[in-house]
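Thanks for coming. Please look at the model on the screen while I go through a few points of its backbone.

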Amino acid sequence: MMRERSLISSVFAAALVLVLLHGPGVNGDNPYRFYTWRITYGDIYPLGVKQQGILINGQFPGPTIDCVTNDNLIISVYNYLNEPFLLSWNGIQQRRNSWQDGVYGTNCPIPPGKNLTYAIQAKDQIGTYFYFPSLALHKAAGGYGSIKVYSRPQIPVPFPPPAGDHVVLTGDWFKRSHRQLKYILDSGHNLPSPDGLIINGRGWNGYTFTVEPGKTYRFRISNVGLTTSVNFRIEGHSMKLIEVEGSHTIQNIYTSLDVHVGQSYSVLVEANQPSKDYYVVVSSRFTSPVLTTTAILHYRNSFTKVSGFPPGGPTTQIDWSINQARSIRRNLTASGPRPNPQGSYHYGEIKPARTIILANSAPNINGKLRYAVNGVSYLSPDTPLKLVDYFKIGGVYSLGSISDKPNYGNGYLATSVMNANYRTFIEVVFQNWENTLQSWHIDGYSFFVVGMDGGGWTQASRLRYNLRDTVARCTVQVYPKSWTAIYVALDNVGMWNIRSEDWARQYLGQQFYLRVYTPSTSFRDELPIPRNALLCGRARGHRTRPF
């Protein structure tokens, strides 16, 4: 049984300080922030119907993590569920430290009644991200929250300090439980259409953002849903885009913004309209029917409630969305997490050493629906891949189990791992021949989105690349019957998950792992296995390290 929370918190906090200050991964010059999280079930009512949700310290959504570039986050997670649990950190790069990534390819799940303490550093990062439960369909029950990484005080930021900083965690929601949704997928079927959309865990007009007249506020918008792209807008107000997943942007003005599954944006909104209440609107994109939900933007001195219908937005228009995506560009003169300007890294002048083309598909394997990358539908092994590598356990996976070019034959099941060399610069093309929008994420990295267009990618497509001021981000959309190309500098050793952010597709195999390898054993390249790493599967009976 678990000890009392207060005793556990004090003992572990003290122990962790000693461990971290004397271990090889020391970041003693940077602040430490300690969190103790209890993961429990609890009743929630996102769409007005009682459901069993996953709560963190009794909250849904979970607590917001506020930190500064290079802060060390010590997060003790206690699993009070009756099933294994893991948290992952969408967009936090875990520099040199894929041990903390929180997906099944790197970490053993936390058993019921046990705990795991994550030691994470927001190394050389700023921006807006989120955490979420990464096992099975837990994400459909909550357990997610926002991560805000602020710039260090000495680093200039390209906009005045806002009067407030609002989190918008939005996305689709199902009235079925996460177990029911998992059963549907395990039975070989796709998920049904979602039942609605939510904003910060609540349905229609269920959440209020309060503002003072004449002041400017930052809204951090993350799509934490399972399957659905959304459009975000605020009645009567324009939005100035300032940041995309760690990149300061050219400060374009938008009246509405598409946010695809897994993506995050920051906008500034000025409270410059007559004092009353206004709709904050989220509606689904590329769905039939169109789903809509609202929250309230409340001027503090307002006594006038919202009335009439919320403003409409784009619905199925793909050209509108792709043109908006191309308009989002990087602010080359703004500082990032370091004082040097973002434009000082000339990604467009580097010739990629390798081109990887990844094509998604929906094969039928053994009479059931699966999803695949280059013909391979990912099969989770009994032991996390990172532990397999560390303990040199054979027979779990083989390098080359997935090709770096599409396989247009029949799909098959495999534990797919692609090898890549540390410090190479590569080009990745996501090719989507299906009729649905895809959203792709790469753990451990921020990449440059150099191009996107309809049809099939060819070498001539490079002539249309943006090689000057595209944004660097961690999640990118690929439109139906289209392609998206990215450049990635493989400067982070580890075992990294490349996946669909459509969670049904991810669960049924549209993912694989990129093993970024160096023969070096220096802690400057990769931190050692944590002493508190959980061991499961074929890694049971091994030891982590003595010091």
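Where is Pro-61 found? Pro-61 is in the loop between β2 (51–56) and β3 (65–68).

A word on the source. This is a predicted model, in which local features need pLDDT of at least 70, side-chain atom pairs count only at pLDDT 80 or more, and totals for chains, interfaces and linings use all residues. Residues are numbered from 1 along each chain as its sequence is written, and side-chain values use heavy atoms, with hydrogens and water left out.

Now the backbone. Most peptide bonds are trans, and most residues other than glycine have a negative phi. Here are the exceptions I picked.

Start with the peptide bonds. From Phe-60 to Pro-61 the bond is cis, with omega near -10°. The bond from Ser-288 to Pro-289 is also cis, with omega near 0°. Pro-289 sits in the loop between β19 (277–284) and β20 (292–299).

Next, phi. Asn-70 is not a glycine, yet it has a positive phi of about 75°. You will find Asn-70 in the loop between β3 and β4 (72–79). Asn-366, again not a glycine, has a positive phi of about 55°, and it lies in the loop between β22 (364–365) and β23 (368–369).

Are these two asparagines buried or exposed? Buried means under 20% relative accessible area, exposed means over 50%, and partly exposed is in between, using a 1.4 Å probe and protein chains only. Asn-70 counts as buried because its relative accessibility is 5%. Asn-366 has a relative accessible area of 69%, so it is exposed.

How values were computed. Helices (H or I, at least four residues) and strands (E, at least two) are DSSP runs, numbered from the N terminus.
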